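Please open the model in your viewer and keep the selection tool at hand. The tour below moves from the whole chain to single residues, saying at each stop what to select and what is there.

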Amino acid sequence: MPHGGFSGSLTSPRLDLAVDMGHPFLNRTVDGFIKIGTVGACKVAAEETFECLHKGDVSKHKVEHALKKMCKEGAYWGTIAGVYMGVEYGIDKIRGHRDWNAMLGGAVTGALVSAVNNHQRHKVVKNAITGGALATAAELLTHLSS
């Protein structure tokens with residue numbers, strides 16, 4: 001009896017962007033800003049597109065509002081990622097080890113962002129713990145998938 005089949009593989013598109021600012025610290029910081037800032041802007045674009053399609057209302061004002069929100073969110077999340085990448089790089093250079101740097105970098109970044117936003121002490125500690133946990137989880141997932 002004849003036998004048929006299908007064979008293939010599916011891979012996601014990959015875009016690598018190299019930024020050379022002349023120093024590894026600056027390279028990592030700018031790279032983090034660009035990558036995560038782009039993710040933040042794309043998230044807002046998807047949300048705003050859904051909202052316009054759901055309501056059936058597309059206007060010049062809505063598009064302008066969406067673009068402003070994309071820039072704001074992209075800059076916010078890009079800045080946080082840049083701070084995290086810079087802090088993690090600094091911790092790595094100071095300690096000379098790559099064991100707990102993601103957790104420490106996330107904790108310091110969470111505390112800094114929270115303190116800058118004038119949160120109370122307990123919120124700063126809570127955000128430091130959250131930042132450390134997120135960074136550790138991201139590092140773990142990175143190592144599991146590679």
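Of the contacts in the chain with a separation of 6 or more, 55% are between residues 24 or more positions apart, where contact means heavy atoms within 4.5 Å. This is a predicted model, in which local features need pLDDT of at least 70 and side-chain atom pairs count only at pLDDT 80 or more, while totals for chains, interfaces and linings use all residues. Residues are numbered from 1 along each chain as its sequence is written, and side-chain values use heavy atoms, with hydrogens and water left out.

**The whole chain**

If you then colour by accessibility, buried residues make up 25% of the 146 residues in the chain; buried here means under 20% relative accessible area, exposed means over 50%, and partly exposed lies in between, with a 1.4 Å probe and protein chains only.

**Helix 1 and helix 2**

Next, select residues 24–55 for helix 1 and residues 60–95 for helix 2. Their axes come within 6 Å and cross at roughly 150 degrees, the axes being lines fitted to C-alpha atoms, for helices over the stretch in contact, with angles from 0 to 180 degrees between N-to-C directions. That crossing makes helix 1 roughly antiparallel to helix 2, on a scale where angles under 35 degrees count as roughly parallel, over 145 as roughly antiparallel, 65 to 115 as roughly perpendicular and the rest as oblique. Helix 1 passes helix 2 in a right-handed crossing; a crossing is right-handed if the near helix is turned clockwise from the far one by less than a right angle, and left-handed if anticlockwise. The residues in this contact divide into 15 nonpolar, 10 polar and five charged, with Ala, Val, Leu, Ile, Met, Phe, Trp, Tyr, Cys and Pro counted as nonpolar, Asp, Glu, Lys and Arg as charged, and the others, Gly among them, as polar.

Which residues does Gly 78 contact, leaving aside its neighbours within four places in sequence? Select Gly 78 in helix 2, and show Gly 32, Phe 33, Ile 36 and Gly 37, which are those contacts. Gly 78 is buried, with a relative accessible area of 0%, and its C-alpha atom is separated by 3.8 Å from that of Gly 37, 41 residues apart along the chain.

For another stop in helix 2, select His 65, which counts as partly exposed at 43% relative accessibility. The C-alpha atoms of His 65 and Glu 48, 17 residues apart along the chain, are separated by 9.1 Å.

**Aromatic pairs**

Now show the rings of Phe, Tyr and Trp (its six-membered ring), which pair if their centres lie within 6.5 Å, with planes under 30 degrees apart counted as stacked, over 60 as edge-to-face and the rest as tilted. By this rule there are two aromatic pairs. Phe 25 and Tyr 89 have ring centres 6.1 Å apart and planes at 50 degrees, so this pair is tilted. The pair links distant parts of the chain, with Phe 25 in helix 1 and Tyr 89 in helix 2, 64 residues apart. Phe 25 is partly exposed at 33% relative accessible area, whereas Tyr 89 counts as buried at 10%.

The rings of Tyr 76 and Trp 77 have centres 5.2 Å apart and planes at 85 degrees, so that pair is edge-to-face. Tyr 76 is partly exposed, with a relative accessible area of 38%, and Trp 77 is also partly exposed, at 39%.

Helix 2 passes helix 3 in a right-handed crossing. Among the residues that meet here are Tyr 76, Ile 80 and Val 83 in helix 2, and Leu 104, Val 108 and Leu 112 in helix 3. By class, this contact has 11 nonpolar, four polar and three charged residues.

Finally, select helix 4, residues 121–145, whose axis comes within 6 Å of that of helix 3 and crosses it at roughly 145 degrees. Helix 3 passes helix 4 in a right-handed crossing. The contact includes Gly 106, Ala 107 and Gly 110 of helix 3, and Ala 128, Gly 131 and Gly 132 of helix 4. Its residues divide into eight nonpolar, seven polar and two charged.

Conventions. Helices (H or I, at least four residues) and strands (E, at least two) are DSSP runs, numbered from the N terminus.
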